Structures are given as structure tokens and as C-alpha cells.
Amino acid sequence: MFPYKIVDDVVILMPNKELNIENAHLFKKWVFDEFLNNGYNKIFLVLSDVESIDSFSLGVIVNILKSVSSSGGFFALISPNEKVERVLSLTNLDRIVKIYDTISEAMEEVRRK
């Protein structure tokens, strides 16, 4: 449904264009059905190709974070652009979600745990 790859046991989600009220519900359902409900609890959300994000999508991110955290997993946002990073900052999500510049940096953190 959305671009992704699995490296070791880490799911790397790579949505493009927008995460908004029109597709966020489908994105959430897909993440839960395909990955979280099947035992994957290490999720990276790559935001480099996401041009905009709305409050509904931020709620989806929080839901995924809660699910991953409750299973002892690891969740991170990767490479948000300036516009998305500003939204994360304004909503203080940058204080509760780990944000990395690259997938490699996040993978290093996962391997240390």
C-alpha cells in the first residue's frame, strides 16, 4: 500500500507526498495489520518525501508510537523536511518521538539496545 522495506527486524516505512486526513486512517490500519499485529515492533517512519502532515496524521504517529512502546519496541522518525519538522516542533512531538537525520543513525541506536 505504501512504500516500505524490512531490514533485519526493522520496518522502514517510506510514505510520499502527504500524510493527511485523506490517507492517514488507511496508513494506520495498514501499519497495524501488516506489521504491529504480526510482531514487528521496530518501526522507522521516513519523512523525507512527505511534503506536508496534518493533525490527524500526528495522531496516527502517536498511536503507532504508543503501540510500539507498549511492546518494548523502538519507533523513530527519519529525515523530516523543514516544514514537517516545524509542525513536529510546534506540537511538541519532537520531544516525545526520536528523530534522526538518517536511517543509518537510527539503525545504530536500535543495534545498541
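## Phe27 and its surroundings

Phe27 touches Phe2, Leu13, Pro15, Leu19, Leu45, Val60 and Ile64, when residues up to four places away in sequence are not counted. A second, separate core of eleven residues includes Val10, Ile12, Ala106 and Met107. The structure described here is a predicted model.

Phe27 also belongs to the largest nonpolar core, which has 28 residues; Phe27, Leu13, Ile43, Leu45, Ile64, Phe75 and Leu77 are the members that touch the most others in it. Two or more residues each come from strand 2 (10–13), helix 1 (24–34), strand 4 (42–46), strand 5 (50–53), helix 2 (55–70), strand 6 (74–78) and helix 3 (82–90). Among these elements, helix 2 gives the most, with six residues. In soluble globular proteins, nonpolar side chains tend to be buried together.

## Overall fold and dimensions

The chain contains four helices and seven strands. In sequence order, these elements follow the pattern β-β-β-α-β-β-α-β-α-β-α. Of the contacts with a separation of 6 or more, 71% are between residues 24 or more positions apart.

The radius of gyration of the chain is 13 Å, which agrees with the value near 13 Å for a compact globule because that is what 113 residues would give. The C-alpha trace spans about 30 × 25 × 25 Å along its principal axes.

## Surface and charge

Buried residues account for 42% of the 113 residues in the chain. The accessible surface comes to about 6300 Å², and carbon and sulfur atoms contribute 47% of this area.

The chain carries 13 positive and 16 negative charges.

## Helix 1

The buried residues of helix 1 are Ala24, Phe27, Trp30, Val31 and Phe32. Their cover includes strand 1 (4–7), strand 2, strand 3 (17–19), strand 4 and helix 2. An α-helix has 3.6 residues a turn, so residues three or four places apart point the same way.

Lys28 is also located in helix 1. Its relative accessible area is 28%, so Lys28 is partly exposed. Apart from residues up to four places away in sequence, Lys28 touches Val60 and Asn63. Lys28 and Pro3 are 25 residues apart along the chain, and their C-alpha atoms are separated by 14 Å.

## Helix 2

Ser57 and Phe56 are both in helix 2. Ser57 has a relative accessibility of 2% and therefore counts as buried. When neighbours within four places in sequence are left aside, the contacts of Ser57 are Leu19, Asn20 and Ala24. Phe56, at 37% relative accessibility, counts as partly exposed. Beyond its neighbours within four places in sequence, Phe56 is in contact with Ile21, Ala24 and His25. Phe56 and Ala24 are 32 residues apart in sequence, while their C-alpha atoms are 7.0 Å apart in space.

Ser70 is likewise a residue of helix 2. With a relative accessibility of 64%, Ser70 counts as exposed because the cut-off for that class is over 50%. From C-alpha to C-alpha, Ser70 and Glu22 are 27 Å apart in space, and 48 residues separate them in sequence.

## Residues with positive phi

Most residues other than glycine have a negative phi. Ser79 has a positive phi of about 50° although it is not a glycine. This residue, Ser79, is placed in the loop between strand 6 and helix 3. Ser79 counts as partly exposed, given its 25% relative accessibility.

Asn92, which is also not a glycine, has a positive phi near 65°. The location of Asn92 is the loop between helix 3 and strand 7 (98–100). At 37% relative accessibility, Asn92 is classed as partly exposed.

How values were computed
Residues numbered from 1 in each chain as written. Predicted model: local features only at pLDDT ≥ 70, side-chain atom pairs only at ≥ 80, totals over all residues. Heavy atoms only, no water. Rg over C-alpha atoms; globule rule 2.2 N^0.38 Å. Buried < 20%, exposed > 50% of the residue type's maximum accessible area, 1.4 Å probe, protein only. Contact = heavy atoms within 4.5 Å. Areas by Shrake-Rupley, 256 points an atom, 1.4 Å probe, with all protein chains shown as cover. Lys, Arg positive; Asp, Glu negative; His and termini not counted. Charge placed at Lys NZ, Arg CZ, Asp CG, Glu CD. Core = buried A, V, L, I, M, F, W, Y, C linked by side-chain atoms within 4.5 Å.
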